[in-house]
Amino acid sequence: MKRVAILAVALVLAIVTTVPLNAADAGAAVPRAPMFPKVSLVPLSGGEPVPITSYRGHPVLVNFWATWCPPCRAELPELQQLYTKYGPRGLKVAAVNVNRSSSGVAEFLKQHRLTLPVFRMDEATLRRLGVGSIPMSVLIDATGRVVRVYRGYSPTMVRDIEARLAGMIPAKGHGTDS
C-alpha cells in the first residue's frame with residue numbers, strides 16, 4: 001500500500017514537472033480564461049451597488065480582506081500603492097471587506113490611511129466566488145476575464161500583479177480613455 005502511494009506521488013510529480021508552466025511558450029493551445037462572474041459591489045459608504053461589469057474596459061483588482069486578518073493588514077498598504085500608482089492610468093480596485101459587520105471598517109481605513117475603494121458583498125456571493133480564505137485577490141483584464149487568482153499574501157504576489165499590469169495599462173504619460 002505504501003509502495004502504491006509512493007508511485008502515485010512520483011507519477012504526479014513527473015507529470016507536473018514535465019508540463020510547461022507557460023503553455024504559450026511551448027507552442028500549446030492556451031485555454032481561454034474564464035469570465036469573472038457578474039456580481040455587484042456594495043459601497044462601504046452606502047449608495048447604489050456597482051456592477052463589476054461597469055469596470056469593463058479597465059483592468060480590475062478585486063481583493064477580499066478583513067480588519068482582523070494579519071496578512072490582510074500587511075497587504076493593504078501595498079494594494080494602496082498599486083491603486084495610487086495605476087489608478088490614474090486605468091486600474092480599478094475593489095477592496096471587498098468580509099468582516100461580519102461593517103462597524104469599525106471606516107475607522108480602520110482612516111487609521112491606516114487607505115483611500116482605495118472599499119465594498120461589501122453578501123455571504124452567498126462570497127461563497128459562489130470561492131472566497132474561503134483571505135486575503136484573496138483576483139486580477140481581471142479589461143474584457144472581464146480572470147488573469148490570475150492569488151490566495152494569501154506575499155510581497156512576490158504584489159510584484160507579480162505589478163508585472164502583469166505593465167502589459168494591461170498604458171505607459172505613464174500616454175493617458176487612458178476612461
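The model is predicted.

The protein has 178 residues, and 34% of them count as buried. Its secondary structure comprises five helices and seven strands. Read from the N terminus, these elements follow the order α-β-β-β-α-β-α-β-α-β-β-α.

Strand 3 (residues 60-65) and strand 4 run parallel and are joined by six bridges. Within this pair, Phe64 stands opposite Val96 of strand 4. Strand 1 (residues 40-43) and strand 5 (residues 118-120), in contrast, pair in the antiparallel sense, over two bridges. Here Val42 has Arg120 of strand 5 as its bridge partner. How much of strand 4 is buried? Strand 4, which spans residues 92-97, is mostly covered, with five of its six residues buried.

The discussion now turns to a link between side chains. A disulfide is a covalent bond between the sulfur atoms of two cysteines. The model contains one disulfide. This disulfide is formed by Cys69 and Cys72, whose sulfur atoms lie 2.4 Å apart. The angle about the S-S bond is 75 degrees, and the link of Cys69 and Cys72 is right-handed. Are these two cysteines buried or exposed? A residue counts as buried when its relative accessible area is under 20%. Cys69 has a relative accessibility of 3% and therefore counts as buried. Cys72 has 0%, so Cys72 is buried as well.

The largest pocket has a volume of about 380 Å³. Its lining consists of 14 residues, and those nearest its centre are Val98, Asn99, Arg100, Glu123 and Leu126. Which element gives the largest share of this lining? Helix 4 (residues 123-128) does so, with three residues. By class, the lining of the largest pocket is made up of six nonpolar, four polar and four charged residues.

A cavity differs from a pocket because a probe that fits inside a cavity cannot get out, whereas a pocket is open. One cavity of 30 Å³ or more is present. The space in the largest cavity amounts to about 70 Å³. Among the residues that line the largest cavity are Phe36, Ile52, Tyr55, Arg56 and Val60, together with the run Ile140, Asp141, Ala142, Thr143 and Gly144. Six residues of this cavity lining are nonpolar, four are polar and two are charged. Val60, one of the residues in the lining of the largest cavity, also belongs to strand 3 (residues 60-65).

Terms used: Residues numbered from 1 in each chain as written. Predicted model: local features only at pLDDT ≥ 70, side-chain atom pairs only at ≥ 80, totals over all residues. Heavy atoms only, no water. 1 Å grid on protein atoms, 1.4 Å probe; cavity = no way out; pocket = protein on both sides within 12 Å on 5 of 7 lines; lining within 4 Å. Points joined across faces, edges and corners; volume = space filled by probe spheres on them. Helix = DSSP H or I, 4+ residues; strand = E, 2+ residues; numbered from the N terminus. Nonpolar A, V, L, I, M, F, W, Y, C, P; charged D, E, K, R; others polar. Disulfide = S-S within 2.5 Å. Buried < 20%, exposed > 50% of the residue type's maximum accessible area, 1.4 Å probe, protein only. Pairing = 2+ DSSP bridges.
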